[in-house]
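Please open the structure in your viewer and keep the selection tool at hand. Each stop below says what to select and what is there.

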Amino acid sequence: MSRRLLALATGLALLASPLAPSPGPALAQQAPAGVDAEVSFARVRAVNLARETAVKLNGGLTLYRPAKCMFDTSLAGGNCLIRRNNQGFLFRFLGGAPGWQQLGLQPNWETKILVSPDGRQVVQVLFNRPPRNR
């Protein structure tokens, strides 16, 4: 067996070894100050469900894009998550035509959605209309 083939076989054997570290998914991610140190799977599911629900309610991705924070699953909604408690995850975010944020345009839609504590179902769409005066 050639040296290169032997080295490759040894490397593969080590990867298959139960002692080798697993490259599995990270359960916790570093987060900036003020954000939970560990982003739970339920919270990631909740932000994904809230975003997908808003997209469907507002005509699909060809017509509507939620705020950038709703796409950042590493922070699971970041500042779009306004409350998390035993009732679930409450998200409030703006949206608009595709590219609205990147082009510096004003949003033309506001959505507020409550998702169950396990992140698996929308409990209630509390608001889905043009933005309120802030």
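The tour goes through the strands, then the core, then the rings.

This is a predicted model, in which local features need pLDDT of at least 70 and side-chain atom pairs count only at pLDDT 80 or more, while totals for chains, interfaces and linings use all residues. Residues are numbered from 1 along each chain as its sequence is written, and side-chain values use heavy atoms, with hydrogens and water left out.

**Strand β3**

Select residues 88–96, which are strand β3. Helices (H or I, at least four residues) and strands (E, at least two) are DSSP runs, numbered from the N terminus. Is β3 mostly covered or mostly uncovered? Eight of its nine residues are buried, so the strand is mostly covered. Buried means under 20% relative accessible area, exposed over 50%, and partly exposed in between, using a 1.4 Å probe and protein chains only.

Two strands pair if DSSP finds at least two bridges between them.

Look for Arg83, whose bridge partner in β3 is Leu90. Two residues lie between β2 and β3, and the two strands form a hairpin.

Now take residues 109–115, strand β4, which pairs with β3 in the antiparallel sense over seven bridges. Arg92 stands opposite Lys112 of β4.

**On to β5**

Select residues 122–129, strand β5. Six bridges pair β5 with β4, in the antiparallel sense. Thr111 has Asn128 in β5 as its bridge partner. Six residues lie between the strands of this hairpin, where Gly119 takes a positive phi near 75°.

**The core**

A nonpolar core is a set of buried Ala, Val, Leu, Ile, Met, Phe, Trp, Tyr and Cys residues joined through side-chain atoms within 4.5 Å. Which residues have the most contacts inside the largest one? Select Met70, Phe89, Phe91, Phe93 and Val115; the core has 20 residues. At least two come from each of α2 (41–57), β3 and β4, and α2 gives the most, with six.

Centre on Phe91, which touches residues including Ala46, Ala50, Met70, Leu81, Ile113 and Val115, not counting residues up to four places away in sequence. Contact means heavy atoms within 4.5 Å.

**Last stop**

Select Phe127 and Arg132: Arg132 lies over the face of the Phe127 ring, at 3.8 Å from the ring centre. A charge sits over a ring if NZ of Lys or CZ of Arg is within 6 Å of the ring centre and within 35 degrees of the ring normal.
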